[in-house]
Amino acid sequence: MPYKIVDLTSVLTPARPYASRSTPVTYVAIHHTASPPNQEAKAIHDYHISKGWSGIGYHYLVRSVDEFGNLIVEKVRPTSVVPACVVGFNSSSICVAFVANFEENRPDPKVVDAAAAFVADLCRAFGLRSGDVKGHREFPNQNTSCPGRHFDLDGFRRAVWYHLHREGG
């Protein structure tokens, strides 16, 4: 399933400049926003600023599948800057968040599969493997269930592996 990236980085102005990345990317960190699926990127951005962060903590927001079968992905923070999404691992992570609450709801399998294809492309771009894809809760010293109890991280990694190998990665 194809995906479409909508770049919102120019409209989500940080409260202060983002820190530039100085270390290589070694992980793709998977999150859920623990919010309703219709929550706007600007609302997430403003909430993160209210917590004292420079701006939205993630690099990408995964939305839903549109009427043409394309996954909608919003780029909300440049990948050249450090995110605010996994304490102790921000400088080495690309952060992808599903706009959903997987603590309460099960993910749409079509969205998860399309997101796996997108994450496989991120892995290709940064020279990573499917094993480098981790849920927020899987990083050391994180007190969270993110990306939620209903999100199957092992199944997601298998789907990323499949897309990496099926598509010549």
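By the rule that a disulfide is a pair of cysteine sulfur atoms within 2.5 Å, the count for this structure comes to one disulfide. The structure is a predicted model, in which local features need pLDDT of at least 70 and side-chain atom pairs count only at pLDDT 80 or more, while totals for chains, interfaces and linings use all residues. Residues are numbered from 1 along each chain as its sequence is written, and side-chain values use heavy atoms, with hydrogens and water left out.

A disulfide is a covalent bond between the sulfur atoms of two cysteines. Here the partners are C85 and C95, whose sulfur atoms are 1.6 Å apart. C85 lies in the loop between β4 (71-75) and β5 (93-98), whereas C95 lies in strand β5, so the bond ties together parts that are ten residues apart in sequence. In these names, helices (H or I, at least four residues) and strands (E, at least two) are DSSP runs, numbered from the N terminus. C85 is buried, with a relative accessible area of 9%, and C95 is also buried, with a value of 0%; buried means under 20% relative accessible area, exposed means over 50%, and partly exposed lies in between, for a 1.4 Å probe and protein chains only.

What, then, of C123, and how far away is the nearest cysteine sulfur? C123 is in no disulfide, and the nearest cysteine sulfur, which belongs to C95, is 13 Å away.

In soluble globular proteins, nonpolar side chains tend to be buried together. A nonpolar core is defined as a set of buried Ala, Val, Leu, Ile, Met, Phe, Trp, Tyr and Cys residues joined through side-chain atoms within 4.5 Å. The largest such core has 30 residues, of which I30, F98, V119, F156 and V160 touch the most other members. The elements that give two or more residues to this core are β2 (27-32), β3 (60-65), β4, β5, α2 (109-126) and α3 (153-166), and α2 gives the most, with ten residues. A second, separate core of 18 residues includes A41, I56, V81 and C95.

The helix α2 deserves a look of its own. The expected span of a helix is 1.5 Å times one less than its number of residues, so the 18 residues of α2 should span 26 Å, and the end C-alpha atoms of α2 are 25 Å apart, which agrees. Among the buried residues of α2 are V111, V112, V119 and C123. Just after α2 comes G127, which takes a positive phi of about 70 degrees.

F156 and G127, by comparison, are 29 residues apart in sequence and 18 Å apart in space, C-alpha to C-alpha.

Rings of Phe, Tyr and Trp (its six-membered ring) pair if their centres lie within 6.5 Å, and planes under 30 degrees apart count as stacked, over 60 as edge-to-face and the rest as tilted. By this rule the count comes to ten aromatic pairs. In one of them, the rings of F98 and F151 have their centres 5.2 Å apart and their planes at 55 degrees, so the pair is tilted. This pair links distant parts of the chain, since F98 is in strand β5 and F151 is in the loop between β6 (133-135) and α3, 53 residues apart. F98 is buried at a relative accessible area of 2%, and F151 counts as buried at 3%. The rings of F151 and F156 have their centres 5.4 Å apart and their planes at 55 degrees, so this pair too is tilted. F98, F102, F151 and F156 form one aromatic cluster.
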